[in-house]
Amino acid sequence: TLPVSIAEERFEPVVVSVGSFLQGYCVHLAKALRAKCGLPAFALVDRSGELVHAYNIKWTPDSEKLYFDARGITDSSDLFMEPFQGSSDWKETELDTALENMPQWAFPEDEISDAMVRWFVENYTDIWRMKENKDSPID
């Protein structure tokens, strides 16, 4: 569980886990990382058009693809896609394209998800601050 508070001015705890970003709040996190660091947001979509997971991608100067989500950063597509192996018939598309066909209630953005994303961005600054590091693989 994470020490997440839904109130910025006082601590009002909410019990959540990092797994929540993989099962319901991944869209909110992908949007936040796109806004904070300019990382393009993508989605895995299954055959029926249902969004399976949202995440961010960065291509290195060597055309290597880096995947970003609440688990961290990896260049291994097999490792990144491992939790979604039950959905073997998926395709990758831009997040905004995937969301065009989804009802707004499908991926809630509320006080809890705001708090989770805020907590993640404040506590895992290495993800978005890598942009500022000239030796970083994501520059």
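1. Two rings of Phe, Tyr or Trp (its six-membered ring) are taken as a pair if their centres lie within 6.5 Å. On that basis, ring pairs join Y55, Y67 and F80 into a cluster in this predicted model. The structure contains four aromatic pairs.

2. The pair of F42 and W59 is edge-to-face, because the ring planes stand at 80° with the centres 5.9 Å apart. F42 belongs to strand β3 (residues 41-45) and W59 to strand β4 (residues 51-59), so this pair ties together parts that are 17 residues apart in sequence. The burial of the two partners should be noted: F42 is buried, with a relative accessible area of 12%, whereas W59 is partly exposed, at 41%.

3. Y67 and F80, members of the cluster, form a stacked pair, with 4.7 Å from centre to centre and 20° between the planes. Y67 lies in strand β5 (residues 65-69) and F80 in helix α3 (residues 77-81); the pair therefore ties together parts that are 13 residues apart in sequence. Both Y67 and F80 are buried.

4. F80 also has a charged neighbour over its ring: R71 lies over the face of F80, at 4.7 Å from the ring centre. The ring of F80 is thus described by two entries here, the stacked pair with Y67 and the placement of R71 over its face.

5. A polar contact involves a buried histidine. H53 is located in strand β4 and counts as buried, at 0% relative accessibility. Its side chain makes a polar contact with the side chain of D69, at 3.0 Å.

6. The geometry of helix α2 (residues 26-37) is consistent with its length. At 1.5 Å a residue, its twelve residues should span 16 Å, and the end C-alpha atoms are 16 Å apart, which agrees. The buried residues of α2 are C26, V27, H28, L29, A30, A32, L33 and C37.

7. C26 counts as buried, because its relative accessibility of 3% is under 20%. C37, at 5% relative accessibility, also counts as buried. A search of the whole structure finds zero disulfides.

8. Two backbone positions have a positive phi. S63 has a positive phi of about 65° although it is not a glycine. S63 is found in the loop between β4 and β5, and it counts as exposed because its relative accessibility of 61% is over 50%.

9. As to the overall arrangement, the chain has six helices and seven strands. Read along the sequence, these elements follow the pattern β-β-α-α-β-β-β-β-α-β-α-α-α. Of the 139 residues of the chain, 42% count as buried. Among contacts between residues at least 6 apart in sequence, 54% join residues at least 24 apart.

Key: Residues are numbered from 1 along each chain as its sequence is written. This is a predicted model: local features need pLDDT of at least 70, side-chain atom pairs count only at pLDDT 80 or more; totals for chains, interfaces and linings use all residues. Side-chain values use heavy atoms; hydrogens and water are left out. Helices (H or I, at least four residues) and strands (E, at least two) are DSSP runs, numbered from the N terminus. The expected span of a helix is 1.5 Å times one less than its number of residues. Buried means under 20% relative accessible area, exposed over 50%, partly exposed in between (1.4 Å probe, protein chains only). Rings of Phe, Tyr and Trp (its six-membered ring) pair if their centres lie within 6.5 Å; planes under 30 degrees apart count as stacked, over 60 as edge-to-face and the rest as tilted. A charge sits over a ring if NZ of Lys or CZ of Arg is within 6 Å of the ring centre and within 35 degrees of the ring normal. A polar contact is a pair of N or O atoms within 3.5 Å; within protein, one must be able to donate a hydrogen and the other to accept it, and residues adjacent in sequence count only if both atoms are side-chain atoms. A disulfide is a pair of cysteine sulfur atoms within 2.5 Å. Contact means heavy atoms within 4.5 Å.
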